[in-house]
Amino acid sequence: MPSGAALATSARIDEDGRIAFSIRSKSTKLPALPDDYGVDLPEFGVEEPPLVDIPVISIVIFIVGSRGDVQPFLPLGRRLQKDGHRVRIATHTVFKDFVLGSGLEFFDIGGDPAELMSYMVKNPGLIPGFESLVNGDIPKKRKMIGEIMNGCWRACYEPDPVSGEPFAADAIIANPPSFAHVHCAEALNIPLQIVFTMPWVSTQAFPHPLVNISQSDASPGLTNYLSYVLVDLLAWQGLSSIINGVRESSLGLKPLSLRSGVLILERLRIPTTFCWSPALIPKPKDWKSHIDVSGFLFHPSGSDYTPDAELVRFLDQGEPPVYIGFGSVPVPDPATFVSILLDAVKASGVRALLSIGWANLGADLKEQVPQNIFLLGNVPHDWLFPNCKAVVHHGGAGTTAIGVRLGRPTLVGDQPFWGEMISQAGAGPPPIPHKLLSTSKLTDALRYLVKSETLLAAAALGDTIRDEDGTEAAVAAFYKHLPLMNMRCDLDPKRVAVFWSDTEFLKLSAFAAQTLIDAKAITLKSLKPHHHVGIGQIFVNPVIGIPKTITAIPLGIANIVGSTAEGFRNMPSLYGGVVRQPGEISDFSSGVKEAGKGFVYGYADAISGVFVEPYKGGQAEGPIGFLKGGAVGIANAMLKPAAGGLGPFKHVSHVSRCLI
């Protein structure tokens with residue numbers, strides 16, 4: 001990858017599927033983020049606990065992904081339903097029976113999770129490989145994402161497909177890959193909360209799960225922080241045209257730019273709950289009050305399960321076996337893969353349960369499987385894992401949660417983040433992606449799993465996790481971040497307000513409004529729709545859209561140094577690059593912060609430009625555009641760090657004028 005005068009950067013795809021990213025400065029060490037770079041800000045309309053009179057609302061939950069992604073939302077939905085709320089799960093049609101069987105409403109948003117999983121395996125780290133470029137995978141997946149986003153939008157307002165009962169969402173809960181979340185919330189002006197099983201908010205504590213930092217001259221904290229920017233930039237470059245197409249054609253919203261679209265959830269400080277145990281991954285210090293770590297959400301699925309007699313016989317014949325299964329991950333060469341598994345089990349001397357899975361691993365080898373291995377079909381993990389000594393799996397969040405909760409030593413395959421966290425806790429060996437799996441590596445890992453030290457560490461972790469109640473904590477977080485002061489009906493606080501009366505200055509529920517109209521106390525013409533939250537105003541009027549946040553009046557350039565910095569900053573526009581506009585400055589503190597941001601962003605823009613600009617050029621103009629984009633990226637790498645380096649002088653002198 002090309003480098004500029006100030007930076008030598010590179011990015012590639014590792015064999016484990018992550019983006020290997022290198023940041024090297026040719027002149028000076030990149031600065032560290034200040035300890036207080038993240039601050040708590042007041043949230044609009046929220047109340048201090050204990051919360052009372054939470055109005056009954058209709059909640060739609062967007063979920064894109066595999067069964068493991070859907071599973072944690074079912075206990076969350078049932079718990080919200082217990083409080084009287086109407087809960088609709090909007091996900092793929094393959095999970096219809098799974099959702100309806102849990103007693104929740106289902107809405108089909110389209111999309112095939114098996115195809116999405118297959119695409120991710122062939123194109124790890126979100127970057128399409130040559131095979132996907134030539135076989136038409138990219139247009140198919142882009143079309144699927146558009147279908148899913150429009151399906152999410154329809155899930156907000158279409159009647160229930162089974163009962164025909166009308167539905168209108170009062171709040172949205174979503175996982176990040178659903179993509180439509182913030183855009184639907186903006187269109188409807190309703191609260192949005194993100195719930196996810198993997199870290200998706202920038203932090204200095206650890207890198208993005210999809211990124212492997214191979215080398216960096218920046219501080220570890222800044223390097224980790226920039227990894228989240230990298231992933232969101234890549235996602236935006238690939239999906240921005242789809243997202244903006246849905247915004248304009250379906251939602252009636254203006255399109256977003258690179259600057260407004262990247263890291264949109266973070267910049268709007270959308271409340272986010274991460275569903276893992278703080279005993280396994282503590283909440284980072286730079287995740288502020290709008291971010292919560294709830295604990296795992298468990299969906300019981302094996303209480304009514306009756307095992308086959310052969311499975312019971314195998315379990316009774318010897319010591320507890322090691323479970324080996326890779327879930328929904330497609331395996332390119334099943335025969336070789338199964339051979340590695342069989343040889344490693346034999347060499348390690350353990351008994352094993354081998355799950356066939358979607359790939360039907362080993363199904364044609366039943367006659368050749370030795371007596372210390374049993375081939376499994378579909379068996380609920382919460383029934384199976386208590387009968388196992390240790391577990392080996394691909395690293396899905398749901399499977400990981402069950403294993404660590406039960407105190408079982410765990411080896412993770414294709415989710416390095418989870419594998420590394422478990423390994424750091426002493427409850428398992430380092431992760432081994434299935435592409436890097438070998439007989440010797442798996443043999444060593446199996447022996448590590450059944451060591452007494454590993455068994456004790458995993459058991460201690462399980463004891464702590466079983467004392468947590470992630471579902472209750474997640475529900476409490478949802479209520480905590482709702483703008484309840486702006487959602488309640490003023491006359492009946494247990495009902496949600498949907499109208500505003502201009503004559504009575506009241507927020508009214510539909511029931512209260514109808515009662516007053518029938519009593520001729522108000523007229524229908526005096527009512528206006530009532531919006532619970534101003535997400536729709538954020539892009540056009542920050543003062544209205546984000547009450548209680550600090551705003552400032554932009555000031556002019558103070559001196560020649562500032563003018564020089566402006567010249568460097570604006571120069572990218574001369575060759576087709578994107579110019580980052582400076583923030584607003586009102587006092588010494590904001591000036592210093594803007595100076596630091598300019599310095600960091602100068603390097604960050606240069607880093608991202610060396611791969612973003614060629615990608616954009618290639619999309620727009622083919623090979624010629626790719627070369628032109630490469631030139632833009634190189635120019636970014638040379639000029640933007642210079643502008644960032646002069647920025648501190650510009651902003652400090654800028655503030656000096658304010659103080660004189």
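**Entry 1: two helices that cross**

I start with a term: a crossing of two helices is called right-handed if the near helix is turned clockwise from the far one by less than a right angle, and left-handed if it is turned anticlockwise. The model I am looking at is predicted, and in it I looked up the pair H2 and H18, whose crossing is right-handed. Helix H2 covers residues 73–82 and helix H18 covers residues 470–481, and I noted that they pack at an angle of about 60°, with their axes 9 Å apart.

Which residues in H2 and H18 meet? From H2 I listed Pro 75, Leu 76, Arg 79 and Leu 80, and from H18 I listed Thr 471, Glu 472, Ala 474, Val 475, Phe 478 and Tyr 479. Sorted by class, this contact has seven nonpolar residues, one polar residue and two charged residues.

I then followed Arg 79, which is found in helix H2. Is Arg 79 buried or exposed? Its relative accessibility is 18%, and it therefore counts as buried, since the cut-off for buried is under 20%. With its neighbours within four places in sequence left aside, I found Arg 79 in contact with Thr 471, Glu 472 and Val 475.

Before going on, I checked the confidence values, and the protein averages a pLDDT of 79, with 71% of the residues scoring at least 70. Over residues 536–580, however, the pLDDT is below 50, although the model gives this stretch 76 contacts beyond near neighbours in sequence. Residues 585–615 also stay under 50, and for them I noted 78 contacts beyond four places in sequence. Where pLDDT is low, the predicted coordinates should not be read in detail, and I kept to other parts of the chain for the entries below.

**Entry 2: the whole protein**

I noted 23 helices and 18 strands in the secondary structure of the protein. The protein has 660 residues, of which buried residues make up 52%. Taking the contacts between residues at least 6 apart in sequence, I found that 65% of them join residues at least 24 apart.

Helix H11 covers residues 309–316, and I looked up its buried residues, which are Leu 311, Phe 314 and Leu 315. Why do I say that they line one face of the helix? Seen down the axis of H11, the buried residues fall within an arc of 100°, so they line one face. On the face turned away from that buried side I found the exposed residues Ala 309, Glu 310 and Asp 316. The buried residues of H11 pack against strand E12 (352–355), strand E13 (373–376) and helix H13 (381–384).

Trp 236 has its place in helix H8, which covers residues 220–249, and it counts as buried because its relative accessibility is 7%. Leaving aside neighbours within four places in sequence, I listed its contacts as Ile 243, Asn 244, Leu 256, Ser 257, Leu 258, Gly 261 and Val 262. I also looked up Leu 263, which is 27 residues from Trp 236 along the chain, and the C-alpha atoms of the two are separated by 9.0 Å.

Leu 263 sits in the loop between helix H9 (258–261) and helix H10 (264–267). With a relative accessibility of 16%, Leu 263 counts as buried. What is its phi? I noted a positive value of about 55°, although Leu 263 is not a glycine.

**Entry 3: other backbone angles**

Most residues other than glycine have a negative phi, and most peptide bonds are trans, so I looked for exceptions. Phe 505 has a positive phi near 55° and is a residue other than glycine. I placed Phe 505 in the loop between strand E16 (499–501) and strand E17 (506–508), and its relative accessibility of 59% means that it counts as exposed. I also found a cis peptide bond joining Pro 49 and Pro 50, with omega about 0°. Pro 50 lies in the loop between strand E2 (19–25) and strand E3 (58–62).

**Entry 4: Gly 151**

Not counting residues up to four places away in sequence, Gly 151 touches Phe 107 and Ile 109. Ile 109 is 42 residues from Gly 151 along the chain, and I noted that their C-alpha atoms are separated by 4.0 Å.

How values were computed. Residues numbered from 1 in each chain as written. Predicted model: local features only at pLDDT ≥ 70, side-chain atom pairs only at ≥ 80, totals over all residues. Heavy atoms only, no water. pLDDT = per-residue confidence, 0-100. Contact = heavy atoms within 4.5 Å. Axes fitted to C-alpha atoms, helices over the stretch in contact; angles between N-to-C directions. Helix = DSSP H or I, 4+ residues; strand = E, 2+ residues; numbered from the N terminus. Nonpolar A, V, L, I, M, F, W, Y, C, P; charged D, E, K, R; others polar. Buried < 20%, exposed > 50% of the residue type's maximum accessible area, 1.4 Å probe, protein only. Arc of directions from axis to C-beta.
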